[in-house]
Each structure stands twice: as C-alpha cells, then as structure tokens.
Amino acid sequence: MSNSVAIVKTALHSVSYAGVWPGQAWLELDDFLHRAKSLGFGAVMLMAKRPHLSVLDCDAGERARLRRLVESLDLKVACLAGYTDFCLGADHPEIPAREMQILYVRELSRLARDLNCELIRVFTGYDHPGLSPEQQWSSCVGSLRECARQAAEFGITIGIQNHHDTAVHYEALYDLVQEIGEPNCKIMFDAWSHAPVDKVRDTNARREALDLRQAVRKLAPYIVHTTVADYVHRPRYRYQPNIVNYVREPDALCAVPMGEGVIDYKTFFEALKEIGFDGYVAYEMCSYLRGGGSEENLDRCARKFLDYMSSL
C-alpha cells in the first residue's frame with residue numbers, strides 16, 4: 001500500500017504518491033497503480049527505489065510495460081521521488097558518494113523520460129558532524145547543480161523538497177536555488193516542514209500563517225510541486241526518578257487526515273492560488289498515522305484528502 005497520496009493542480013488534477021512506511025500495509029507497484037485509479041486519482045508520484053520503482057530492476061522492456069499500464073489506466077506519472085543526501089559519506093571521502101548519487105539522478109532522468117514524466121524530486125543533505133555548515137551548503141550546491149545539468153540532457157526538471165536539514169527554511173531554500181543557478185532546478189516546497197513543530201497552534205497560528213504566505217510569495221518563481229501532511233502534537237515527558245518528576249521533551253507529531261491538524265493549510269493554499277500555482281499537491285502518510293497503518297485506514301485518509309481538496 002502507498003504511504004502517501006496526492007492531488008491537485010490548482011485545477012484539481014489528482015496524483016497519488018507511492019511509498020512504504022514501517023508498520024503500514026503496502027502494495028506492489030502494479031497494484032498500487034490500480035488502487036490509485038480506484039480511489040479517484042488522476043496521476044501518481046512513484047517512489048524511485050525498491051520495493052517500487054528501482055533503476056536496478058526497470059530495464060527497457062519493463063519501462064515500456066509500465067508506461068502502457070499507466071496509460072491504460074488513464075493516469076500520469078507526475079513525479080519520480082528520488083532519495084538523496086549530498087552530505088552523506090563525508091567521513092569516508094575516498095568513497096565517491098556524491099558521484100554515485102548524481103549518477104542515480106541521471107538514471108532517474110532517463111527513467112522519467114521513458115515514463116513520460118518531467119519531474120524528479122531530490123533532497124539536499126542531512127546535518128553531518130564532520131562538516132561545517134558552509135561545507136554542507138557547498139556540497140549541496142555543487143551536487144544539485146550537476147544533477148540539474150545531467151537531468152537537462154533528458155528534458156527533466158529536478159525539484160528540491162525542503163525535507164533535509166540543509167535549506168529546510170524557505171529563505172535558505174531560495175538562496176540555494178539562486179546559487180545553483182540552473183533553469184531546470186526548481187522547488188517542491190512543503191508547508192509542514194516550515195511550520196514550527198515544537199510550538200502549539202493556539203499561540204503561533206498567526207505567525208505561522210504569515211510566514212507561510214510570505215514563504216510562498218518569496219518562492220513563487222520556483223515552486224513546481226508541494227507535498228502536504230497534517231499533524232497534531234503529542235506532548236512527551238522523560239521521567240527523572242531522582243527528583244520523582246518529569247522533564248518536558250520536544251513534542252512528537254502524529255499524522256492525521258487533512259484539515260484535522262495544526263498546519264495552516266488554508267493560508268498556504270490561498271497563497272498558492274494567489275501566485276497562480278499550477279503544479280501537483282501530494283498528500284503523504286509518511287509517518288505514524290492516527291488510526292494505524294491498515295489498508296482501510298490509509299484508504300480512508302486518502303479519500304478524506306480528496307474531499308478536503310475538492311472543498312477548496
């Protein structure tokens with residue numbers, strides 16, 4: 001079963017995002033495509049690694065078969081979800097980790113072209129203790145610039161999702177893309193990554209709403225896609241037996257159906273409409289989901305997402 005589902009251009013074209021989260025039910029790729037269609041989605045975002053769509057397993061014959069299946073279901077492959085970390089391997093510089101990942105993106109570009117898909121999702125880098133912030137930034141800029149150039153040979157756009165530590169904030173993400181300076185390097189901006197996750201809504205909703213609107217306006221020239229997820233806070237405490245008391249820890253986040261959490265998506269989607277956004281909006285269930293990971297609960301949340309988007 002997919003752990004995330006997606007919809008929408010501003011005109012409400014639907015897309016479903018295939019992935020696997022521990023503890024959740026999952027489907028083989030063909031079954032996922034049929035399920036996405038049956039739920040009412042018009043496009044899919046495919047996880048570009050095993051157990052779904054790996055470049056190691058998808059030769060020319062399999063690509064042709066998969067494209068025929070997608071077309072027979074009247075679906076579109078809106079995006080391939082790549083998985084990169086350009087700070088990876090800094091503690092072992094003799095291993096060409098960056099080159100391996102750039103090659104991975106190049107092969108994803110070839111695969112995307114063969115599936116009539118124009119967009120690949122990429123990440124920046126997780127914080128690495130062996131690198132200074134400036135070194136991490138430089139590694140991401142150089143690697144993503146080369147990824148964009150490799151992808152351009154196949155007519156493919158790469159979209160940076162603000163998921164990893166480097167450039168997760170919209171101001172940094174804007175600077176990153178500006179510095180990369182490649183016309184096919186765009187942004188897949190997520191509201192849930194930007195909104196403060198260690199605060200509660202009732203004291204921060206106004207500031208979050210303002211920031212999200214400002215963020216969308218700032219990134220407007222580059223936004224081609226977004227992934228949404230809604231969350232509620234679950235307070236955490238650690239017991240301190242020597243004082244017979246508890247110490248407050250950062251909140252855990254629990255995923256809930258769209259519209260039932262703390263992220264100010266009303267403002268976010270209003271801002272996207274204001275800038276004339278015409279990309280896809282992906283809905284993910286890529287964490288613990290209230291109600292558990294059964295197929296029934298995943299399908300229920302997917303349908304609620306479709307209902308939520310239809311109400312906008």
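This is a predicted model: local features need pLDDT of at least 70, side-chain atom pairs count only at pLDDT 80 or more; totals for chains, interfaces and linings use all residues.
The chain has 312 residues, and 52% of them count as buried. Its secondary structure comes to nine helices and eleven strands. If you take the contacts with a separation of 6 or more, 77% of them are between residues 24 or more positions apart.

I will start with the helix pairs. Helix H1 covers residues 29-39 and helix H2 covers residues 60-72; their axes come within 10 Å and cross at roughly 15°. With that angle under 35 degrees, H1 is roughly parallel to H2. The crossing of the two is right-handed. On the H1 side, the residues that meet H2 are Leu29, Asp30, Leu33 and His34, and on the H2 side they are Arg65, Leu66, Leu69 and Val70. Sorted by class, this contact has five nonpolar residues, one polar and two charged. As a reminder on spacing, an α-helix has 3.6 residues a turn, so residues three or four places apart point the same way.

The second pair is helix H4, residues 133-152, with H5. Here the axes are 9 Å apart and the packing angle is about 50°. H4 and H5 are therefore oblique to each other. H4 passes H5 in a crossing that is right-handed. H4 contributes Trp137, Val141, Leu144 and Arg145 to the contact, while H5 contributes Ala172, Asp175, Leu176, Glu179 and Ile180. The classes in this contact are six nonpolar, no polar and three charged.

Now the strands. Strand E9, residues 230-240, and strand E10, residues 245-256, run antiparallel and are joined by ten bridges. One of the pairings is Tyr239 with Tyr246 in E10. The two strands form a hairpin with four residues between them, and Val244 in that turn has a positive phi of about 50°.

Strand E8, residues 223-228, runs parallel to E11, and four bridges join them. Thr227 is found opposite Ala282 of E11.

How much of E11 is buried? Five of the five residues in this strand, 280-284, are buried, so E11 is largely enclosed by the rest of the structure. In a regular strand the side chains alternate between the two faces of the sheet. In E11, one side carries Tyr280, Ala282 and Glu284, the other carries Val281 and Tyr283, and all of these are buried. Note that Glu284 is included in that buried set.

Next is helix H8, residues 265-274, which contains Leu272. The buried residues of H8 are Tyr265, Thr267, Phe268, Phe269, Ala271 and Leu272. Leu272 has a relative accessible area of 2%; the cut-off for buried is under 20%, so Leu272 is buried. What does Leu272 contact, leaving aside its neighbours within four places in sequence? The partners are Val216, Ile223, Thr226 and Phe277. Leu272 and Arg217 are 55 residues apart in sequence, yet their C-alpha atoms are 8.2 Å apart in space. Just after H8 comes Gly276, with a positive phi of about 75°.

That brings me to the backbone. Most residues other than glycine have a negative phi, and most peptide bonds are trans. The peptide bond from Arg50 to Pro51 is cis, with omega near 10°. Pro51 sits in the loop between strand E3, 43-47, and H2.

Two further loop residues have a positive phi without being glycine. Asp74 has a phi near 55°, and Asp74 is in the loop between H2 and strand E4, 76-81. Ala167 has a phi of about 65°, and Ala167 is in the loop between strand E6, 157-161, and helix H5, 170-180. Which of the two is buried and which is exposed? Asp74 counts as exposed, at 57% relative accessibility. Ala167 counts as buried, at 7%.

To recap, H1 and H2 are roughly parallel, whereas H4 and H5 are oblique. E11 pairs in parallel with E8 and has both faces covered.

Definitions and conventions
Residues are numbered from 1 along each chain as its sequence is written. Side-chain values use heavy atoms; hydrogens and water are left out. Axes are lines fitted to C-alpha atoms, for helices over the stretch in contact, and angles run from 0 to 180 degrees between N-to-C directions. Angles under 35 degrees count as roughly parallel, over 145 as roughly antiparallel, 65 to 115 as roughly perpendicular and the rest as oblique. A crossing is left-handed if the near helix is turned anticlockwise from the far one by less than a right angle, and right-handed if clockwise. Contact means heavy atoms within 4.5 Å. Ala, Val, Leu, Ile, Met, Phe, Trp, Tyr, Cys and Pro count as nonpolar, Asp, Glu, Lys and Arg as charged, and the others, Gly among them, as polar. Buried means under 20% relative accessible area, exposed over 50%, partly exposed in between (1.4 Å probe, protein chains only). Two strands pair if DSSP finds at least two bridges between them.
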